[in-house]
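I opened the notebook to record what I looked up in this structure. The entries follow the order in which I checked things.

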Amino acid sequence: DYLTSNGHNGTEGIALKATSGWNNNGNGSDAYGWLGLPGGGRLNSGNFSFIGASGYWWSSTESYTYEAWLRSLYHDYDELSRGDDAIKTPGLSVRCLKD
């Protein structure tokens with residue numbers, strides 16, 4: 001809601017993505033210093049996938065017993081996505097905040 005109310009309706013992803021590192025010229029403006037990098041995800045097998053193409057971040061909120069909410073950014077998509085079906089066993093990025 002914050003990004004939309006500040007002029008990024010439909011372009012929330014661009015405002016959060018880093019200015020470099022994304023595949024196929026999918027870089028963002030990093031308008032808020034969030035520096036969203038395309039870290040992809042770690043599969044149950046231990047292999048990594050989608051590095052350079054997407055970034056996935058855990059939420060601290062469970063959606064179900066074995067799943068949590070996540071946010072995602074993609075190199076070819078301007079919006080910020082939200083999902084409630086992130087099974088907790090694979091690895092996603094986390095965002096550390098300092099008070």
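**Entry 1: strands**

How many bridges join β4 to β5, and do they run parallel or antiparallel? I counted six bridges between β4 and β5, and the two strands run antiparallel. This is a predicted model, so I treat each entry as a reading of a prediction. I then looked at how the chain gets from β4 to β5, and found a hairpin that joins them through two residues. Across this pairing, R71 stands opposite R82 in β5.

Next I turned to β3 and β4. They pair in the antiparallel sense, over seven bridges. They also form a hairpin, with two residues between them. In this pairing I noted E62, which stands opposite A68 in β4.

**Entry 2: confidence**

The chain averages a pLDDT of 92, and 100% of the residues score at least 70. Where is confidence lowest and where is it highest? The lowest value belongs to β5, with a mean of 88, and the highest to helix α2 (residues 12-16), at 97.

**Entry 3: a salt bridge**

I came back to E62 and looked for a charged partner. As a reminder, side chains of opposite charge can pair when their charged atoms come close. The count for the model comes to one salt bridge. E62 forms it with K88, and the closest N and O atoms are 2.3 Å apart. Why does this pair tie together separate parts of the chain? E62 lies in strand β3 and K88 in the segment after β5, so the pair links parts that are 26 residues apart in sequence.

**Entry 4: the largest pocket**

I went on to empty space. Rolling a probe the size of a water molecule over the atoms shows where such space is left. The largest pocket has a volume of about 220 Å³. Its lining consists of L16, W34, W57, W58, S59, W69, R71, L80, R82 and R95. The elements that give two or more residues to this lining are β3 (54-64), β4 (67-74) and β5 (77-87). Which of them gives the most? It is β3, with three residues. By class, I sorted the lining into six nonpolar, one polar and three charged residues. R71 and R82, the facing residues from my first entry, are both in this lining.

**Entry 5: the second largest pocket**

The second largest pocket has a volume of about 170 Å³. It is lined by 13 residues, and the closest to its centre are G41, L43, Y56, P90 and L92. Here β1 (41-42), β3 and β5 are the elements that give two or more residues. The lining divides into nine nonpolar, three polar and one charged.

Notes. Residues are numbered from 1 along each chain as its sequence is written. This is a predicted model: local features need pLDDT of at least 70, side-chain atom pairs count only at pLDDT 80 or more; totals for chains, interfaces and linings use all residues. Side-chain values use heavy atoms; hydrogens and water are left out. On a 1 Å grid over the protein atoms alone, a cavity is a set of points where a 1.4 Å probe fits but cannot get out, and a pocket is an open set with protein on both sides within 12 Å along at least five of seven lines; lining residues have an atom within 4 Å of a point. Grid points are joined across faces, edges and corners, and a volume is the space filled by probe spheres set on the points. Helices (H or I, at least four residues) and strands (E, at least two) are DSSP runs, numbered from the N terminus. Ala, Val, Leu, Ile, Met, Phe, Trp, Tyr, Cys and Pro count as nonpolar, Asp, Glu, Lys and Arg as charged, and the others, Gly among them, as polar. A salt bridge is a side-chain nitrogen of Lys or Arg within 4 Å of a carboxyl oxygen of Asp or Glu. pLDDT is the predictor's confidence in each residue, from 0 to 100. Two strands pair if DSSP finds at least two bridges between them.
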